[in-house]
Amino acid sequence: MPRSLLFIAVVLSTLTLLAGDQSSRALFDGRSLDGWTVRGGTASYKVENGEIVGTTTEGSPNTFLCTNKDYGDFELEFDVKCDPKLNSGCQIRSHVADKEMTFEYEGKTKTIKPGTVFGYQCEVANAKPTSGNFWDEARQARWLDDISGKPGAEDAYKPGEWNHYKIVARGDHIQSWVNGVACADFHDSRDASGLIGLQVHGIKKGTGPYEVRWKNVMVREL
């Protein structure tokens, strides 16, 4: 190969690698919660052994560790391990109510208080067939897909173990995979962008404390 062509090939290869590095990054640095804010409740979050640890607080509503930045089209991956007695989830394209808000669905109304986190939530739970499906958190309070008939989806989540999640949001198309198994796959155009949030669910009086852990939280904007 002529030296000029070799030089061009090396430059193009380097630019491709740099572009890849810039488009995929860690949302959690493994050391601190910089870039995140706790919203909605009083559950606690800390960093331990390179993991985000969320712990329930009795009497608290659902709590979310939320990114300070909004994301639109992206590919999100993370590992999560949740106490089998607790359920959790990952918010995407979600929002925090800055005032009292009312939503309507099928003739019913739902009102939320200021400070409430609402939007698409990918479920993390020891309940079939829900893990990997999307719940419309605090808004319409309904499932956005039905994964019960999808091959392997009901058994993809492993209670009490580390589970790998992948979520892709592109335009109005939202998909999820749990441990490599395709789960949710639906279209919804209400939210084009919003925060990413890690949930610690509220618990009943006299129960807990329970923990949920996350690691390897990576996002690639599309």
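Visitor: How many of the 222 residues of the protein, as a percentage, count as buried?

Guide: 41% of them count as buried, where buried means under 20% relative accessible area, exposed over 50% and partly exposed in between (1.4 Å probe, protein chains only). This is a predicted model, in which local features need pLDDT of at least 70, side-chain atom pairs count only at pLDDT 80 or more, and totals for chains, interfaces and linings use all residues. Residues are numbered from 1 along each chain as its sequence is written, and side-chain values use heavy atoms, with hydrogens and water left out.

Visitor: Why is Asp191 called buried?

Guide: Its relative accessibility is 7%, and the limit is under 20%. Asp191 therefore counts as buried.

Visitor: Which residues is Asp191 in contact with, leaving aside its neighbours within four places in sequence?

Guide: Arg93, His95, Tyr120 and Arg139; contact means heavy atoms within 4.5 Å. His95 is 96 residues from Asp191 in sequence, with 9.3 Å between their C-alpha atoms.

Visitor: What makes the pair Asp191 and Arg139 a polar contact?

Guide: Their side chains are joined at 2.7 Å. The definition asks for a pair of N or O atoms within 3.5 Å; within protein, one must be able to donate a hydrogen and the other to accept it, and residues adjacent in sequence count only if both atoms are side-chain atoms. The pair of Asp191 and Arg139 counts as a polar contact.

Visitor: What share of the contacts with a separation of 6 or more comes from residues 24 or more positions apart?

Guide: Such residues account for 65% of those contacts in the protein.
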